[in-house]
Amino acid sequence: MYNTIRFDIHEAGYAQMTLSRPDQRNAVSLEMVEELKDALERAKEADIKCLVVTGEGSDAFCSGGDLYDFHADLTSEDVFSTLYKMKEFLYDLARFPLPTLAILNGHALGGGCELATACDFRYGPEWASYGFIQGRLGIIPGWGGGALLYKRLPSLVAYRMLVESKPFSAAQCLEMGWLQDIYDQSFIKEEMERILQPFLSKSTDQIKEFKQQYIRYEFPISLSVEMDEEVRRCSTLWGNDQHKKAVNSFLTEKNK
Ligand SMILES: CC[C@@H](C(=O)O)C(=O)SCCNC(=O)CCNC(=O)[C@H](O)C(C)(C)COP(=O)(O)OP(=O)(O)OC[C@H]1O[C@@H](n2cnc3c(N)ncnc32)[C@H](O)[C@@H]1OP(=O)(O)O
């Protein structure tokens with residue numbers, strides 16, 4: 001049914017969205033944004049206790065926005081409307097009525113970290129690295145994921161991750177609180193059971209109450225305004241020379 005993702009409802013009581021462009025390191029294309037939105041609506045209707053977001057392949061969970069679709073030469077108006085679609089998805093994901101878990105199958109970079117941050121909890125393998133690298137590309141996060149990061153982590157820790165703009169190791173991410181746990185990919189079935197057990201062992205009514213309380217406490221509707229502001233500020237930075245050079249050099253290198 002979808003070209004860029006898979007969506008499954010597991011009998012154990014959870015839904016799973018899998019980014020499925022492993023050859024592009026699961027970069028988020030514009031088609032993927034639409035498919036993610038559609039799948040999220042389906043997950044809202046499903047009889048489940050939690051939602052898992054993961055990626056296909058053994059390299060990357062997500063390499064951020066597809067640099068062909070979100071290229072640097074867009075006008076700031078065009079870029080705003082392009083980035084905004086993913087902001088809407090991340091906001092809806094953050095306020096999803098049930099717990100959401102990012103089971104990272106590999107590296108998360110740029111928008112890949114934003115997507116993971118929109119989930120309530122993150123679990124990653126020891127070997128992978130995780131970084132809000134947008135600062136090295138002359139921009140800031142453009143999907144509202146920076147605003148979400150400030151909600152997930154103590155503000156100075158979030159600020160550090162954003163301003164250093166580098167990939168951090170799994171151990172560092174665990175210490176900073178961005179990862180909730182490191183898991184062993186060679187025992188993925190057992191590890192998934194372990195990670196999901198606290199969620200699946202509760203009644204649906206309980207699990208909804210836990211999440212609703214968290215949303216009331218941490219994610220008021222005003223969060224959307226903060227995320228919009230981030231998209232707007234990122235759009236303003238989009239056309240700068242550093243960003244153009246960074247994106248063009250990535251695309252040129254890959255097309256050699
Ligand atoms: C635009 C939104 C913005 C935001 O709001 O946050 C961002 O997300 S900015 C961040 C954009 N992301 C990046 O700059 C990361 C780019 N990718 C990488 O650094 C690397 O690919 C990797 C993730 C570290 C993986 O490295 P490796 O395993 O060595 O794979 P390759 O680099 O050889 O890539 C394989 C293949 O995938 C294509 N690819 C990778 N990332 C993207 C991307 N973001 N957009 C489009 N395509 C991507 C890459 O071009 C290769 O294709 P082929 O050469 O055709 O095999």
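Modeller: Helices (H or I, at least four residues) and strands (E, at least two) are DSSP runs, numbered from the N terminus. The model is predicted, so local features need pLDDT of at least 70 and side-chain atom pairs count only at pLDDT 80 or more, while totals for chains, interfaces and linings use all residues. Residue numbers start from 1 along each chain as its sequence is written.

Around the ligand stand 25 residues, the closest being Gly64, Gly65, Gly110, Gly111 and Gly142; a residue belongs here if its C-beta atom, placed from the backbone, lies within 6 Å of the ligand. At least two residues of this shell come from each of strand 6 (107-109), helix 3 (111-118) and helix 10 (241-255). Sorted by class, the shell holds 11 nonpolar, 9 polar and 5 charged residues. Here Ala, Val, Leu, Ile, Met, Phe, Trp, Tyr, Cys and Pro are nonpolar, Asp, Glu, Lys and Arg charged, and the others, Gly among them, polar.

As for the sheet, 6 strands form an open one in the order 1-2-3-5-7-10, with mixed pairing. Its edges are strand 1 (5-10) and strand 10 (181-183), each of which pairs on one side only; pairing requires at least two DSSP bridges between two strands. Strand 1 runs antiparallel to strand 2 (residues 14-19), and 6 bridges join them. Within strand 2, Tyr14 is the bridge partner of His10. Tyr14 is also in contact with Cys50, their C-beta atoms, placed from the backbone, lying within 7 Å.

Definitions and conventions:
Two residues are in contact if their C-beta atoms, placed from the backbone, lie within 7 Å. Lists of a residue's contacts leave out its neighbours within four places in sequence.
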